[in-house]
Amino acid sequence: MTRTRRGYIARRRRTKIRLFTSSFRGAHSRLTRTITQQKIRALVSTHRDRDRQKRDFCRLWITRINAVIHENGASYSYSRFIHDLYKRQLLLNRKRLAQIAISNRNCLYMISNEIIK
């Protein structure tokens, strides 16, 4: 059987993968087999870390809100604060509350005092 020339299709597929991994170090950007493995691994990591990033930011916001609330009144907890917010139907998410806690603590003190009453 004679040798078949693959043409440009396989080469085009490989160059597309090479462009994706061009910034990787060593064999991860040069050898075709390791390039495909590293591309799969990179895509898995980005998918996993997107969820992890959301989780980490939510933890950061909760920590910031909790720290400011504990400065105001030591007996008042974060969970009690969020519960009272929902009871009063104040629709402020944790991201906005954390921004208020950083930029204007007095405003968050006023919100918490208003909720306690």
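Lys87 and Asp84 form a salt bridge in which the closest N and O atoms are 3.9 Å apart; a salt bridge here is a side-chain nitrogen of Lys or Arg within 4 Å of a carboxyl oxygen of Asp or Glu. Both residues belong to helix 3 (residues 78-87), where Lys87 and Asp84 are three residues apart, about one turn of the helix. Helices are DSSP runs of H or I with at least four residues, numbered from the N terminus. Lys87 is exposed, at 59% relative accessibility, whereas Asp84 is buried, at 10%. Buried means under 20% relative accessible area, exposed over 50%, and partly exposed in between, with a 1.4 Å probe and protein chains only.

Salt bridges with shared partners also join Arg48, Asp49 and Arg52 into one network. Asp49 meets Arg48 through a salt bridge of 3.2 Å, N to O, and Asp49 meets Arg52 through another of 3.8 Å, N to O. Asp49 and Arg52 both lie in helix 2 (residues 32-72), three residues apart, about one turn of the helix. Asp49 is partly exposed, at 31% relative accessibility; Arg48 is partly exposed at 40%, and Arg52 is partly exposed at 40%.

Side chains of opposite charge can pair when their charged atoms come close. A search of the whole structure finds four salt bridges.

The model is predicted: local features need pLDDT of at least 70, side-chain atom pairs count only at pLDDT 80 or more, and totals for chains, interfaces and linings use all residues. Residues are numbered from 1 along each chain as its sequence is written, and side-chain values use heavy atoms, leaving out hydrogens and water.

Key
Helices (H or I, at least four residues) and strands (E, at least two) are DSSP runs, numbered from the N terminus.
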